[in-house]
Amino acid sequence: MNEILKCIKVSLTYQSEISETQAVKDLSFTIQKGEFVAIIGPSGCGKTTILSLLAGLITPTTGTILLNGEKLINSDNKIGYMFQKDELFPWRTIEKNIYLPLEIKKDKTKKSLEFVKSLIDKYQLTDFIKSYPNEISGGMKQRVALIRTLAGNPEILLLDEPFSALDYQTKLLVCNDVYSIIKQEHKTAILVTHDISEALSMADKIIVLSKRPAQILNVHNYTQDMSLTPLKRRENKNFGSEFEKLW
Ligand code: ADP
Ligand code: MG
């Protein structure tokens, strides 16, 4: 495996005229190509801030982030970001939502259009493309949001609590769905969540953060059978004890 992303002693302090908030402190970690990494920590500890840093949306106060060995200056389309809420545009059809990254990049080449079309076919969205977001289920919206993120063909996917708005049963199914699509597309993924069991059911590696300012408390590596779906992993006899450890 090779290294795709590296954080070296990254810190971030939000500044305003009247106050300073340190959100991230001395964060160092490495992510390998194809890895599925979960970052867990309590609400408000700095998880979304970390994803914003990795997306190049904000710059570290100190420290360095390397993408493929080069300093991350601008995310440069190599990074796709999927938000907490699906953020589909309600006035656009599913199709027009999915093609949005190409519109933004002004990339209407035959190759890109065909690539997006192939994703729509492969992940069974063909029947929905003329529908509007309010006409499809919550789980289906998340699938559309994921396919839209993949449409820009990013190397790394950042997922910020993407299942937190779903009810429990839907969440389990959507986790499975999202996981299998990401693995099929061989993407590197970084999932941020406060849900330990969600992290445990999906990740190859879990980074545990402290309360704010986010610092790394622990990194757990899992060498389980990656062909197992998140639902199957939840059935594993060690699941409960691993949960306790992380808790
Ligand atoms: P999490 O995603 O883990 O809930 P966040 O990264 O959103 O945490 O926030 C971490 C801390 O930084 C919180 O105390 C939050 O209030 C603060 N914060 C987040 N964004 C900003 C901002 N743009 N300006 C100032 N403070 C911020
Ligand atoms: Mg957050």
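Where is the place of Thr93? In this predicted model, Thr93 belongs to the loop that runs between β6 (79-82) and α2 (94-98).

**Thr93**
- Thr93 has a relative accessible area of 13% and is therefore buried, as the cut-off for that class is under 20%.
- When neighbours within four places in sequence are set aside, the contacts of Thr93 are Ile129, Lys130, Ser131 and Tyr132.

**Helix α1**
- Helix α1 spans residues 47-54 and is mostly covered, with seven of its eight residues buried.
- The buried residues are Lys47, Thr49, Ile50, Leu51, Ser52, Leu53 and Leu54.

**Surroundings of ligand 1**
- The residues around ligand 1 are Tyr14, Ala23, Pro42, Ser43, Gly44, Cys45, Gly46, Lys47, Thr48, Thr49 and Arg212.
- Helix α1 contributes the most to this shell, with three residues.
- By class, the shell consists of four nonpolar, five polar and two charged residues.

- A nitrogen atom of ligand 1 lies 3.4 Å from a polar side-chain atom of Tyr14.
- A polar backbone atom of Cys45 is 3.2 Å from an oxygen atom of ligand 1.
- An oxygen atom of ligand 1 lies 3.3 Å from a polar side-chain atom of Arg212.
- Ligand 1 taken alone exposes 560 Å², and the protein buries 58% of that area.

Key. Residues numbered from 1 in each chain as written. Chains lettered and ligands numbered in written order. Predicted model: local features only at pLDDT ≥ 70, side-chain atom pairs only at ≥ 80, totals over all residues. Heavy atoms only, no water. Helix = DSSP H or I, 4+ residues; strand = E, 2+ residues; numbered from the N terminus. Buried < 20%, exposed > 50% of the residue type's maximum accessible area, 1.4 Å probe, protein only. Contact = heavy atoms within 4.5 Å. Near = heavy atom within 4 Å. Polar contact = N/O pair within 3.5 Å; in protein donor to acceptor, adjacent residues only side chain to side chain. Areas by Shrake-Rupley, 256 points an atom, 1.4 Å probe, with all protein chains shown as cover. Nonpolar A, V, L, I, M, F, W, Y, C, P; charged D, E, K, R; others polar.
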